[in-house]
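Subject: Structure handover

Hello,

Here is the structure I promised to pass on. Please open it first, then read the notes below.

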Amino acid sequence: MTPQHCFLGFLVSVSLTQVVGAQPAPASLRPQRVHFQSHNFHNVLHWRPGRACTGNSSLYFVQYKMYGQRQWNNKADCWGIQEFFCDLTSETSDIQEPYYGRVRTAWAGILSGWTMTQRFMPWWETKIDPPVMNIIQVNGSLLVILHAPNLPHRDQKGENVSMEDYYELVYRVFIINNSLEKERKVYEGAHRVVEIEALTPHAVYCIVAEIYQPMLDRRSQRSGERCVDIP
């Protein structure tokens, strides 16, 4: 849709709202479905265009604040952008604090009102990825080494922060015997090194793993299968 068609559509919306006495036309420019999506504490604000125009001539402006603050902060990298998302990971790095984000639109010289998110707390809402697995064969057994997902934050010493610094994590490891097409859970616990013994020679085994968070009663998706031939 061209800007001219968008403007005509906007004029139509103005005349309609004047006739029926509905909200002022700029309300139809407001971004919709403004919300955070969070994976491993990578916190990204998303939205959709307002109803008045779906073309690519709109510009978007993003602000954020921590719960309890009166002053909104401009996000410089997301000030007058055409994308429908804005990375606020650095601005929401205190993961146990709640935050808000909001977005407004500028189009054809008209500035919309703000559309605000619901309260967002990274610790509660982030979704964690499955563990990364390394598998080593040792004398007919398998040694499964598990790693929690990487996080974007560092501590005061500049070192990487572990997911285990924020949650109690329980690792679940499953083994699949391809010849029997049978799966069984071989481990559930906090250890990140798991030895799987008593494997049948000349068989193919596949390993998958997931992370469970007891405090939130939530689990990650499963990792991809890693398959090994037992000599």
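First, a term you will need: strands are DSSP runs of E with at least two residues, numbered from the N terminus. Two of them pair if DSSP finds at least two bridges between them. Please keep in mind that this is a predicted model.

The overall picture
The protein holds two helices and 16 strands. Of its 231 residues, 43% are buried. The exposed surface comes to about 13400 Å². Carbon and sulfur atoms supply 49% of that area. Among contacts with a separation of 6 or more, 58% link residues 24 or more positions apart.

Strand β11 covers residues 170-177, and β12 covers residues 182-189. The two run antiparallel, and seven bridges join them. Four residues lie between the strands.

The three-stranded sheet
β9, β10 and β13 form an open sheet, in the order β9-β10-β13. The pairing is antiparallel. β9 (132-138) and β13 (193-196) each have a single partner strand, so one side of each is left without a neighbour in the sheet. On average, neighbouring strands here are turned by 20° against each other, direction ignored. β10 (residues 141-147) is joined to β13 by four bridges.

Best regards

Conventions: Residues are numbered from 1 along each chain as its sequence is written. This is a predicted model: local features need pLDDT of at least 70, side-chain atom pairs count only at pLDDT 80 or more; totals for chains, interfaces and linings use all residues. Side-chain values use heavy atoms; hydrogens and water are left out. Buried means under 20% relative accessible area, exposed over 50%, partly exposed in between (1.4 Å probe, protein chains only). Contact means heavy atoms within 4.5 Å. Accessible areas come from the Shrake-Rupley method with a 1.4 Å probe; for residues, only the protein chains shown count as cover. Axes are lines fitted to C-alpha atoms, for helices over the stretch in contact, and angles run from 0 to 180 degrees between N-to-C directions.
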